[in-house]
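Work through these exercises with the sequence and the structure side by side. Try each task before you read its solution.

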Amino acid sequence: MTNLPAQHAAARTEPFAFRCAACSRCCHHKIIQTNPYEIAQLAALKGVTARAFRERWTEGGAGTALARTEADVCVFLGEQGCTVHPARPLVCRLYPLGRRRAGDGTEHWLQLDPHPLSGGTFGGDGTIADYVEAQQAQPFIAAADAYAEWVNAARDVLGQLPDGDAGGAAVFELLDLDAAIAAHCAQAGVAEPGEPAKRLDMHIALLYAELNKLNQQE
Ligand code: SF4
């Protein structure tokens, strides 16, 4: 087992390795949080719109966590394991490595306790950076950070709106990455970007533009 302290501002050069045994125990009894980028990736994999995905496969249709079965198991766990593996959310990519980001942008990594019957094994033959790369997690980390920053900014602006103000609803609609980009590009008469990273950049820019608009109305 590695000796990563419970929580600290580790550099990505710190040792960490975990070999997954595909026992799927980590897909039970967990809230799998999702952001608009992750919903867009999952929706594309399932061949549906982000709205359809949200309504069918997220908790209460809110798009902030994956739905779970009555047995409290992720709705995407199949007999052979994760059925959405190529588009799995960040927390699934990193587990049992946890990541927190402080207000100053510092990363905090923590080693989570795997399920007591987990078949996975820790090792000492890699670093946090190696693990992040092997899980192809960096684009998902970039998205999580970008949305977290925007949410902080939005809290200030939306908190000052009067109850029932239409601005809040407009922002909620914009949280659908695919729909927001499609509407913007159609209106601007430009082609939609295809690359996920460019789509993320555009979505974040649209979200900030909406906040600026609301700010100016105050
Ligand atoms: S998305 Fe896949 S890896 Fe993540 S909890 Fe669900 S089944 Fe498990």
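**Exercise 1. Sort the shell around the ligand by residue class.**

Solution. The shell divides into nine nonpolar residues, no polar ones and one charged. Here Ala, Val, Leu, Ile, Met, Phe, Trp, Tyr, Cys and Pro count as nonpolar, Asp, Glu, Lys and Arg as charged, and the others, Gly among them, as polar. Now list the members: Cys27, Ile32, Leu66, Cys74, Phe76, Leu77, Cys82, Val84, Arg88 and Cys92. A residue is taken as near a molecule if its C-beta atom, placed from the backbone, lies within 6 Å of it.

Two notes on the source. This is a predicted model: local features need pLDDT of at least 70, side-chain atom pairs count only at pLDDT 80 or more, and totals for chains, interfaces and linings use all residues. Numbering runs from 1 along each chain as its sequence is written.

**Exercise 2. Find the domains and the side of domain 1 that touches domain 2.**

Solution. An automatic or database assignment sets the domain bounds. It gives domain 1 (15-136) and domain 2 (140-217). Their centres, over C-alpha atoms, are 24 Å apart. Then count contacts (C-beta atoms, placed from the backbone, within 7 Å): 14 residues of domain 1 meet 15 of domain 2. On the domain 1 side, H1 (36-46), H2 (50-57) and H3 (90-94) each supply at least two residues. H1 gives the largest share, six residues. By class, this side has six nonpolar, four polar and four charged residues.

**Exercise 3. Which residues of H2 are buried, and what covers them?**

Solution. Buried means that 20 or more other C-beta atoms, placed from the backbone, lie within 10 Å of the residue's own. In H2, Ala50, Phe53, Arg54 and Trp57 are buried. They span an arc of only 105° around the axis, which puts them on the same side of H2. The arc is that of the directions from the helix axis to the C-beta atoms. Their cover includes H1 and helix H7 (177-188).

Terms used
Two residues are in contact if their C-beta atoms, placed from the backbone, lie within 7 Å. Helices (H or I, at least four residues) and strands (E, at least two) are DSSP runs, numbered from the N terminus. A residue is buried if 20 or more other C-beta atoms lie within 10 Å of its own, exposed if 12 or fewer, and partly exposed in between; C-beta atoms are placed from the backbone.
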